[in-house]
Amino acid sequence: MLELRPNCECCDRDLPYDSPDARICTFECTFCADCVGGVCLNCGGELVKRPVRPARLLEKYPASTRRVLKVGCAA
């Protein structure tokens, strides 16, 4: 199950579970659309629009609250 991290790893912008601007790679690296194109700044993998978890399932499967930041991000 996806972790649904709450922020962009580059600019620390909040990315709620339903944000249309969240991008994610296969390692669950998470960035906002403004900071990246289609390539992950960590692994070089493809970034795609992060799927939205249905609101009715958030209580049982909550989004993560753990914030991750990429050191030295120069996006």
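This is a predicted model: local features need pLDDT of at least 70, side-chain atom pairs count only at pLDDT 80 or more; totals for chains, interfaces and linings use all residues.
Where in the chain is the place of R66? R66 lies in the segment after β3, where strands (E, at least two residues) and helices (H or I, at least four) are DSSP runs numbered from the N terminus.

Good morning. Residues are numbered from 1 along each chain as its sequence is written, and side-chain values use heavy atoms, with hydrogens and water left out.

Let us return to R66. At 44% relative accessibility, R66 is partly exposed; the scale calls a residue buried under 20% relative accessible area, exposed over 50%, and partly exposed in between, with a 1.4 Å probe and protein chains only. Which residues does R66 contact, if we leave aside its neighbours within four places in sequence? They are E3, R5, P6 and N7, where contact means heavy atoms within 4.5 Å. R66 and P6 are 60 residues apart in sequence, and their C-alpha atoms are 7.0 Å apart in space. The side chain of R66 also makes a polar contact with the side chain of E3, at 3.1 Å. A polar contact is a pair of N or O atoms within 3.5 Å; within protein, one must be able to donate a hydrogen and the other to accept it, and residues adjacent in sequence count only if both atoms are side-chain atoms.

This brings us to the salt bridges. A salt bridge is a side-chain nitrogen of Lys or Arg within 4 Å of a carboxyl oxygen of Asp or Glu. By this rule, the model has 7 salt bridges. R66 belongs to a network of them, together with E3, R5 and E9. R5 is buried, at 11% relative accessibility, whereas E3 is partly exposed, at 22%.

Two further salt bridges deserve attention. D12 forms one with R67, and their closest N and O atoms are 3.1 Å apart. This pair links distant parts of the chain: D12 is in the segment before β1 (22–24), R67 is in the segment after β3 (48–49), and 55 residues separate them. D12 is partly exposed, with a relative accessible area of 31%, and R67 is partly exposed at 39%.

The other joins the side chains of R13 and D34, at 3.3 Å from N to O. It too links distant parts of the chain, with R13 in the segment before β1 and D34 in the loop between β2 (30–32) and β3, 21 residues apart. R13 is partly exposed, at 29%, but D34 is exposed, at 69%.

R50 is placed in the segment after β3. The side chain of R50 does reach the backbone oxygen of P16, at 2.8 Å. Beyond its neighbours within four places in sequence, R50 has contacts including L4, R5, L15, P16 and Y17.

I close with the cysteines. How many disulfides does a search of the whole structure find? The search finds 1 disulfide, a disulfide being a pair of cysteine sulfur atoms within 2.5 Å. C10 and C73 form the bond, with 1.8 Å from S to S. Their link is left-handed, with -90° about the S-S bond. The two cysteines come from distant parts of the chain, C10 from the segment before β1 and C73 from the segment after β3, 63 residues apart. C10 is buried, at 17%, and C73 is partly exposed, at 22%.

C25, by contrast, is in no disulfide, and the nearest cysteine sulfur, that of C29, is 3.6 Å away. C25 is buried, with a relative accessible area of 7%. C43 is partly exposed, at 38%.
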